[in-house]
Amino acid sequence: MTVHAEPVDAPLASPSGGPEPVLSVRGLSVAFTTETGRVSAVDGVDLTLGAGEIVGVVGESGCGKSVTSMSLAGLLPGTAAVTGSVVLHAREGDTELAGAREPVLRRVRGRDIAYIFQEPMTSLNPVITIGQQITEVLKAHERVSRGQARARAIELLRLVGIPSPEKRVDDYPHQLSGGMRQRVMIAMAVACDPKVLVADEPTTALDVTVQAGILQVLRDLRDRLGTSILFITHDLGVIADVADRVVVMYAGRVVEAGPVGEIFAHPRHRYTAGLMAASPLPGRHAGTDRLDEIPGLVPVLSEQPDACTFADRCGAADELCRSRRPPLEPPRPDRADHVAACWHPAPTDGPAGSDPGTPLEEAR
Amino acid sequence: MSAHAATGGAAATTTRPATPPALEVEGLAMHFGPVRAVDDVSFSIRPGQVLALVGESGSGKSTVGKCITRLVEPTAGTVRVAGTDITHLSRRQLRPHRGDVSIIFQDPAGSLDPRMLVGDVVGEPLRLRGERLSRRDREVRVREELGRVGLRAEVAHRYPHELSGGQRQRVSIARALISRPSLLVADEPTSALDVSVQAAVLNLLADLQRDMAFACLFITHDLSAVEYLADDVAVMYLGQLVERGSRRRLFDRPAHPYTQALLSAAPVADPVAQRERRPVLLGDDLPSAIDPPSGCRFRTRCPAATELCVQVPPNVDLGDGSAACHYVRPDGSGPDVRRGPDTGRGADGTNDDTLRSATA
C-alpha cells in the first residue's frame, strides 16, 4: 500500500501551489469569558488544509490546539467569542463556518467535517449498538433504507479494520476494546465521506501497539478516500509518523508551520527547537545526555500582547521580542513553505533534536 | 546513571554484590477475585540501580508497584526489601520499614492532600516515622528537601492547588525522598506532564538518583523515558514478565516477539527515521486477565506462535536477562517478528527517499 507514495513535497508546498485547499482558516481568534475574567485562548490563527493532506497541529496543554479544532465546526460553548473566518470549500461551493447559524452547521457536521476525540467511550452511547450509532449518522444526512444503512455500517467497520464486522455491528461499545472503540468512532466519522476529518488526540488514550493500528487506519483513509485530516496531538513521535505538514502552536498562536521533514530537521522558532531538545530520543541516556528544559509555564493570557508570548521562557529574547509581535514569515526567502513567528530564529545548522543551537538551557 | 553504570555499564551485571538486593520479588502473584493481575513475577534490583518495568495498560505493572509498597497484600510470592521479607507484615510491623520504600504516582494532584500545606505534606513521613524532631528541625529538613527538588522554601506555605503540575510532582518527589528510602517506586511519574515539564522531572530524577544512590523501580509505558532513565528493563505482558535485560541490549536486540512489537510500534520524533520503520501490528484485543490464554500468554497476538506455545507455558523466571519465549535461544537469538510479512509501511523505498530529499 502506498502510504507515502505521493511525493512528500507536493502537499507541503501549500498554501501556494499545493493541493487545492478544503479548509481555510484566517485570523481565527477565540476568547472565553469566565467567572475570573477573560481568557484569550486562540489568537489570529491562519491555517490551510489541502485536499488529501494530513496536517499535524502540535503543542502542549493550554496552547489552544483543541479550542482551534472545536471552533472549526462551531462546537464551542456560548461563552466563547469567536472571530475570524473558517471557510469550508465543499462540494457545492464555499461555506463560511465561523459565526454560522446552527442549521448550517448541522448540515455540515458529519457530512463535510467530522471529528474523532481522545476518549472513544465518552463519545459513544453505551446503550445503543455500534451499528445503530453508525447508521444514525447516515440517516441524518442521506436518504437510506434500513437494509442499506446496515450494509453500509458493516462496510465501514471493515474499512477501519474491525474483524468479522457482520457480527461486531450488533455489539455494544462496552464489548469492544479501547482500540476497537476508536475504530468505531472513525467509522462513524467517515460514514458520509467527509472532506475534512478533525482528529483531536485520537491515540493519546491508547497503548502504542494499538496506536500504530489506528494511525495506519487514518493513513489508509487519506489514501483511499482522499480525506484531509487535521491531526491534533502533543506527541512529536505521532506527528513525525503521520503528518505531511506541521503547525506548532504556543499560547494560542501559530508560532511555526512547514513541511514535516523541514520542521524536524530545521526548527526555527525557539519554542519548537526547545520542544525537540526536551524530548528523550532513541540513544539518549541520563548517564551521558541531559534533556534541555524549557523553564517556566505556558502563560494564560487575558489579552494578547503586542509581543512574542514565548519571550519570558526564551533564552534568545530581547527588547524587540517583548515590545513587538513577530510576524509569521519565512525565515529563509527560498523556503516560502516554512514560516516561523520569531525575531531571532534558531540557526539551521546541526541535526534536528540533538542541539539546535538553542540557548534555552545550557547542557550541564 | 546508577553507580553501577558509572563504573562500567554492562560489566556490573556479572558481579554480585555482597549486600542484599534493594528489592527481591519472587513468584509474586496478585489476584483480585478472578482477575489474575499479576502471576508468577520474579525479579530483583541491586542497590543504586534503576529498573524500568514496562508494559501497556492491563499488563499488571502498577499492581507490582502496589505489592512492593504493600498498598495491597500479595496473593502469593515474596517481596524482600533490602533483605527484609515484607510480604505479609501487618500495618504495625510494616511501620519501621515504611521509610525504606517510597512511591510517587502519575497524578500528583490526586496524591497530595488538597487541605494540607506543602510543608506538612513533605514533612509527614518524618512525623509518621515517630522521629523525635522539634518543629524547627522538621521545618529545616523540609526546606532542605524542597531545595533538593528545585523548589523555593516559600512553597512550604502554599497549598498543592496553587502549584503547577510539574511543581506538584516535585513536591511528591520531595515527600518520597525525605525518609531516605533505599528504593523508590516511580509509577508513571512523567506521563501526565507536558514535554517541556517532563524533561525537567526526568532530569531531576536522574540527578537525585545519581546523588542519593537509591534503587528505583520505574514503572512506565513510555519507552523513550525508559531509554533515558533506566539501567535495566523488564517487560510485562498480561501479568507476567516476558523479557528482562540491560537497557542497551533490550533496545538494540529485543528478543521476545512482544518486546519487538512494542519497540517497533512506539513512534520516534524523527520523521526520516520514523517513516523507515515498520510497526508490527498486533491487533487490538488484549486477552482477558480473568481467563488468560493457555501456554504462552502472548500467543494469541504473536505472529510467531506455534502449537507448542498453545500447549506449554514458557519459563517466566528470567534471572538477570532472558526472554520468556520457547523460540528465543540462550544467546538471545530467535524469531524477529519485525521481519515478518509486509505490514505495508514504507514498502517502496521511494517514500523515504522523497522525504529525505525534502529535508536535505
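Helices (H or I, at least four residues) and strands (E, at least two) are DSSP runs, numbered from the N terminus. By that count, chain B has 14 helices and 11 strands. This is a predicted model, in which local features need pLDDT of at least 70, side-chain atom pairs count only at pLDDT 80 or more, and totals for chains, interfaces and linings use all residues. Residues are numbered from 1 along each chain as its sequence is written, while chains are lettered from A and ligands numbered from 1 in the order in which they are written.

**Confidence in chain A**

- The average pLDDT (the predictor's confidence in each residue, from 0 to 100) of chain A is 88, and 91% of the residues score at least 70.
- Residues 1-16 of chain A stay under 50 in pLDDT, and the model gives them 45 contacts beyond four places in sequence; two residues are in contact if their C-beta atoms, placed from the backbone, lie within 7 Å.
- Residues 350-364 of chain A also have a pLDDT below 50, with 42 contacts in the model beyond near neighbours in sequence.
- Where pLDDT is low, the predicted coordinates should not be read in detail.

**Domains of chain A**

- Domain 1 (1-112 + 196-280) and domain 2 (117-193) divide chain A; the bounds come from an automatic or database domain assignment.
- The centres of domain 1 and domain 2 of chain A, taken over C-alpha atoms, are 24 Å apart.
- To the contact, domain 1 of chain A gives 16 residues and domain 2 of chain A gives 17 residues.
- On the domain 1 side, strand 7 (196-200) and helix 9 (208-225) of chain A are the elements that give two or more residues, and helix 9 has the largest share with six residues.
- That side of domain 1 of chain A consists of nine nonpolar, four polar and three charged residues. Here Ala, Val, Leu, Ile, Met, Phe, Trp, Tyr, Cys and Pro count as nonpolar, Asp, Glu, Lys and Arg as charged, and the others, Gly among them, as polar.

**Strand 7 of chain A and its partners**

- Four of the five residues of strand 7 of chain A are buried, meaning that 20 or more other C-beta atoms lie within 10 Å of their own; exposed stands for 12 or fewer, partly exposed for values in between, and C-beta atoms are placed from the backbone.
- Strand 7 of chain A pairs in the parallel sense with strand 6 (residues 113-116) of chain A over four bridges; strands pair if DSSP finds at least two bridges between them.
- I116(A) has A199(A) in strand 7 as its bridge partner.
- Strand 8 (residues 228-233) of chain A runs parallel to strand 7 of chain A and is joined to it by five bridges, with L230(A) as the bridge partner of V198(A).

**Four-stranded sheet of chain A**

- Four strands of chain A form an open sheet in the order 2-1-4-5 with antiparallel pairing.
- Strand 2 (37-50) and strand 5 (93-96) of chain A are the edge strands, each pairing on one side only.
- Strand 1 (residues 21-34) and strand 2 of chain A share 10 antiparallel bridges, and L28(A) stands opposite V45(A) in strand 2.

**Chain B**

- Of the 360 residues of chain B, 51% count as buried.
- D40(B), in strand 2 (residues 35-45) of chain B, has a positive phi of about 55° although it is not a glycine.
- D40(B) is partly exposed, with 17 other C-beta atoms within 10 Å.
- R180(B) likewise has a positive phi of about 55° without being a glycine; R180(B) lies in the loop between helix 7 (165-177) and strand 7 (183-187) of chain B.
- R180(B) is exposed, with 11 other C-beta atoms within 10 Å.
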